Amino acid sequence: MKKITIGDAARQSGVKVPTIRYYESIGLLAVPSRSEGNQRSYEHADIRRLAFIRHARELGFEVGSIRTLLALQDDPDQSCASADAIAKARLIEVEQRIRSLMALKAELEIMVEGCGHGRVDQCRVIEVLADHGQCMHPHH
């Protein structure tokens, strides 16, 4: 079986070379074997694992959750309850973020709509930004 260089692994998985090294350093990806020239040598399973990690990161999963999901993937005969719980927790986080973003959007819309498009000394945007007490919702 042909071994895969780190550059090829990066191209095939969509994960940048420094990130691959980082994933190795934190144990998400096994440290690969080395060629006689001391180059990292990956296998197709490593590429699949990198793609899994990349996709999980794109969905916003934290490293600890990804570590757990990878452990579950490595032992496919166990219950998927842990995977479900991790995904449900992420969904709750996303829903909370959406609510927060919708409130932010509403506040910005009011700010922009209140602008008379006149001079800066009469600008509602500048006025609201200068006085946080005029905001609809407290932001932290």
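Q: Are helices H1 and H2 roughly parallel or roughly perpendicular to each other?
A: In this predicted model, helix H1 (residues 6-13) and helix H2 (residues 17-25) pack with their axes 9 Å apart and at an angle of about 100°. Angles of 65 to 115 degrees count as roughly perpendicular. The two helices H1 and H2 are therefore roughly perpendicular.

Q: Which residues of H1 and H2 make the contact?
A: The contact belongs to the pair H1 and H2, whose axes lie 9 Å apart. By class, this contact has five nonpolar, one polar and one charged residues. From H2 come Val17, Ile20 and Arg21, and from H1 come Ile6, Gly7, Ala9 and Ala10.

Q: Why is H3 described as oblique to H4?
A: Helix H3 (residues 44-58) packs with helix H4 (residues 63-74), their axes being 10 Å apart and the angle about 140°. Because angles over 145 degrees count as roughly antiparallel and 65 to 115 as roughly perpendicular, with the rest beyond the roughly parallel range taken as oblique, the angle of about 140° makes H3 relative to H4 oblique.

Q: What is the handedness of the crossing of H3 and H4, and which residues meet there?
A: On the H3 side the residues are Arg49, Phe52, Ile53, Ala56 and Arg57, and these meet Val63, Ile66, Leu69, Leu70, Gln73 and Asp74 in H4. By class, the contact of H3 with H4 has seven nonpolar, one polar and three charged residues. The crossing of these two helices, H3 and H4, is right-handed.

Q: Is arginine 57 buried or partly exposed?
A: Arginine 57 is found in helix H3, and when neighbours within four places in sequence are left aside, this arginine is in contact with Tyr23, Glu62, Val63 and Ile66. Its relative accessible area is 37%, and since buried means under 20% and exposed means over 50%, arginine 57 is classed as partly exposed.

Q: In what order do the elements of the protein chain run from the N terminus on?
A: The secondary structure of the protein chain comes to six helices and two strands. Read from the N terminus on, these elements run α-α-β-β-α-α-α-α.

Q: What share of the 140 residues in the protein chain is buried?
A: The protein chain exposes about 9800 Å², of which carbon and sulfur atoms supply 56%. Among contacts with a separation of 6 or more, residues 24 or more positions apart account for 45%. Of the 140 residues in the protein chain, the buried share is 24%.

Terms used: Residues numbered from 1 in each chain as written. Predicted model: local features only at pLDDT ≥ 70, side-chain atom pairs only at ≥ 80, totals over all residues. Heavy atoms only, no water. Axes fitted to C-alpha atoms, helices over the stretch in contact; angles between N-to-C directions. Helix = DSSP H or I, 4+ residues; strand = E, 2+ residues; numbered from the N terminus. Parallel < 35°, antiparallel > 145°, perpendicular 65-115°, else oblique. Left-handed = near helix turned anticlockwise from the far one by under 90°. Contact = heavy atoms within 4.5 Å. Nonpolar A, V, L, I, M, F, W, Y, C, P; charged D, E, K, R; others polar. Buried < 20%, exposed > 50% of the residue type's maximum accessible area, 1.4 Å probe, protein only. Areas by Shrake-Rupley, 256 points an atom, 1.4 Å probe, with all protein chains shown as cover.
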